[in-house]
Amino acid sequence: MPDNSITIGSPGLYTTVQDGGRFGYQRYGMPVSGAMDVYSMQLANWLVGNQYDAACLEATLTGPDIHFADTCLVAVCGAGMAPVVNGKDVAAYQTIMVKAGDLLSFNTLDHGCRMYVAFSGGVDAELIMGSRSTCQPCRLGGWKGRSLLKGDVIPLGNMNNNGSGMKKVPEVLVPDYNRPCTLRILPGPEVGRLSFEGLRTLMTTAFVVDTNSDRMGYRLAGLPVGLHASGHEIVSSGIVFGTIQVPANGQPIMMMADRQTTGGYARIAVVSAIDHTLLAQLRPGDEVTFSEIKANEAHRLLGHRNRLINLLQ
Amino acid sequence: MIQILPYGDAALIVKAGEDISPYTNGIIRKLMVLFDGLKMEGLLELVPSYNEIMVCFDPLLADRNKVVEKIKSLEPFLSAVELPAGKEIEIPVYYGGKWGPDLAYVAAINGLTTKEVVGIHSSVDYLVYMLGFTPGFCYLGGLDDRIATPRKSNPRLVVAAGSVGIAGRQTGVYPVQSPGGWQIIGRTNVQLFDPHREPVFLVNPGDKIRFVPVTDH
């Protein structure tokens, strides 16, 4: 099978190579990085016959123009950016076959924030510390430690030859990103730092995603969430994806894929794994509220979704 | 002695205390020794810090209750763990001059000469409590009070990789270039973090770091 590659035309607003993340090094200060919306990446990879966490492209708000050197299976999952091949609309959440000389581009985003473009064989970026994810704050990994630029020629891995075929993700597995978003959260280790008013504000009022939001963290604007006096700080400690922290100004910050591995703000709550896909598809200006979910229920929902995915294999 | 705190559906916090001390940090390091000997399906990562360990697991592969049970089962063995002596790592430092633009300030504000500051800074074996903030950044304990200095009120936009600094009662090395507010007193060529090298990271929690002044420069 000859080596395949893609050439990037217009690169889109912020497109990076991401896989499932860089694990095993948080204890040394290395961020996990990886796809913000692992679930959408997983679906896209399934559609092209890859392992669920194979390296793909994560596009933000506007999509790249991608020219193909050779035949390839492609799939697009995540935000509502309708893919277009050679000027003709094609469907997201479905396997697409492209050939040498084809151009994949994207219409304007109508909802969500991030889209995952998976290629059969995966993106063949250098494996660094076990991962092909881009850690842009560290200028490391993915495609030269940076977002894609016009003219980049990126190799793809060899297409999986067991003919995975043309597939479609069933409706039931496609999340609804359109409605106002409620994120289901669980308590963090410092949940006790919340004052009564703070808890009420967090659980009953709406916040708006601030423009100052990115792969490191999302900032939320709204009524100040109160903590007990001097309850904001902790000794530097580990932080997981989806953690909600509240600094002294009462405006919550949500820790995302490129977050620093340790931090000194109280870890009030964390978004349940089942809702990470909703979190990752929020964009500046979106309104969000929070509701409680019990650990058993969160586990049940995640297991149920996973069983549905396994039925697809 | 240890507390287990919930942290969402994919992590737990194992806490040994509220303080920063070699004793509490020692319990964390002993727990890490016991953890490293465990086989636990779905365990993704362990992130130790001053006084806790963040245990990250795949919620589809690991049952949270079983993880809690496993952690509790380790506690009786803590007293039997012999901590391996950490590595002693020497870091050659070019103090002062263009490598340490804030050395004079640190000296002046503490009523010392620059030579005294260098002498004090380089006379201690600093315990590495944890790593974090950026890859390879070590949180060191043991900075002498006499040279403790508050952070710069106007942080620099660029601090060179290898810069050795003081911030409050902390001292450390910037492993990669980044913005920062530390008082920079010197520079080292040692690369604490190199993604293309084996080992990628030179320092582990529990190691000791000693700064050694380079005299011929």
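This is a predicted model: local features need pLDDT of at least 70, side-chain atom pairs count only at pLDDT 80 or more; totals for chains, interfaces and linings use all residues.

Trainee: Which residues lie nearest the centre of the second largest pocket?

Mentor: Rolling a probe the size of a water molecule over the atoms shows where empty space is left. Here A:Val38, A:Tyr52, B:Leu44, B:Asp58 and B:Pro59 lie nearest the centre, out of 49 lining residues. The volume is about 1200 Å³, and the lining comprises 24 nonpolar, 16 polar and nine charged residues.

Trainee: How is the interface to be judged, and what area is buried between chain A and chain B?

Mentor: The size of an interface is often given as the accessible area lost when the parts come together. Between chain A and chain B about 3200 Å² is buried, with carbon and sulfur atoms giving 61%. Chain A brings 40 residues to the contact and chain B brings 41 residues.

Trainee: Which side chains form the salt bridge?

Mentor: A:Arg267 and B:Glu52 do, at 2.9 Å from N to O; the count between the two chains is one salt bridge. Twelve residue pairs are in polar contact between chain A and chain B.

Trainee: Which element gives the largest share of chain A's side?

Mentor: That is α4(A), with six residues. Chain A's side as a whole divides into 21 nonpolar, 15 polar and four charged residues.

Terms used. Residues are numbered from 1 along each chain as its sequence is written. Chains are lettered from A and ligands numbered from 1 in the order in which they are written. Side-chain values use heavy atoms; hydrogens and water are left out. Contact means heavy atoms within 4.5 Å. Buried area is the accessible area (1.4 Å probe) that two parts lose on being put together, summed over both. A salt bridge is a side-chain nitrogen of Lys or Arg within 4 Å of a carboxyl oxygen of Asp or Glu. A polar contact is a pair of N or O atoms within 3.5 Å; within protein, one must be able to donate a hydrogen and the other to accept it, and residues adjacent in sequence count only if both atoms are side-chain atoms. Helices (H or I, at least four residues) and strands (E, at least two) are DSSP runs, numbered from the N terminus. Ala, Val, Leu, Ile, Met, Phe, Trp, Tyr, Cys and Pro count as nonpolar, Asp, Glu, Lys and Arg as charged, and the others, Gly among them, as polar. On a 1 Å grid over the protein atoms alone, a cavity is a set of points where a 1.4 Å probe fits but cannot get out, and a pocket is an open set with protein on both sides within 12 Å along at least five of seven lines; lining residues have an atom within 4 Å of a point. Grid points are joined across faces, edges and corners, and a volume is the space filled by probe spheres set on the points.
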